[in-house]
Amino acid sequence: MDEREKKLAVLCRIAHSLNQGKVLWALGGSLLLYLKGKTDTFHDIDLMVGEGDVEEAGRRLSALGELLPQKSKAGYKTRHFLEYVIDGVEVDMMAGFVIVRDGVDYDCSLLPGQVAEYIQLNGETIPLQSLGDWRRYYELMGRPEKMKLIDG
């Protein structure tokens, strides 16, 4: 199994657990871009979680892997940012995602209506945020290379 397949297998394990727990979640970041055919690579798994489901999601992710010590993230005021390693794969869980740009806080929290679509991957249902939402997030983060991927 290559590295990409390993990461996708971890995503499916996560999806199975979060879906069983009826957690509001959606995939974002570079793996979203990969699954939408916008890039050939991705580094980690970025999970957006509804704030009301943080405890359940955290419990389920902790059962799958190791919760890493919390670090401060400059440029963000995300209310819940947890990093895990599951089978050697980095997984970031964000709830209450807030990006700070030019002194302004932009609340990018996952809300129930923001799951743009669902895909099936190895028999598991994967909810996706929209590329439009992530283009806006990347713009706020000052990531023009990611914006170009989405626009291209």
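**Exercise 1.** Find which residues of helix α5 are buried, and why they line one face.

*Solution.* Start with the helix. α5 covers residues 144–151. Helices here are DSSP runs (H or I, at least four residues), numbered from the N terminus; strands are runs of E, at least two. Next, apply the cut-off. Buried means under 20% relative accessible area, exposed over 50%, partly exposed in between (1.4 Å probe, protein chains only). Lys146, Met147 and Ile150 are the buried residues of α5. Now look down the axis of α5: its buried residues fall within an arc of 100 degrees, so they line one face of the helix. The arc is taken from the directions from the helix axis to the C-beta atoms. Finally, look for the cover: it includes α2 (29–35) and α4.

The model is predicted: local features need pLDDT of at least 70, side-chain atom pairs count only at pLDDT 80 or more, and totals for chains, interfaces and linings use all residues. Residues are numbered from 1 along each chain as its sequence is written, and side-chain values use heavy atoms, without hydrogens and water.

**Exercise 2.** Check the span of helix α1.

*Solution.* Count first: α1 (residues 3–20) has 18 residues. The expected span is 1.5 Å times one less than the number of residues. That gives 26 Å, and the end C-alpha atoms are 26 Å apart, which agrees. After α1 comes lysine 22, with a positive phi near 55 degrees.

**Exercise 3.** Locate glutamine 129 and decide: buried or exposed?

*Solution.* Glutamine 129 sits in the loop between β9 (124–128) and α4 (131–141). Its relative accessibility is 2%, so glutamine 129 counts as buried.

Terms used. Contact means heavy atoms within 4.5 Å.
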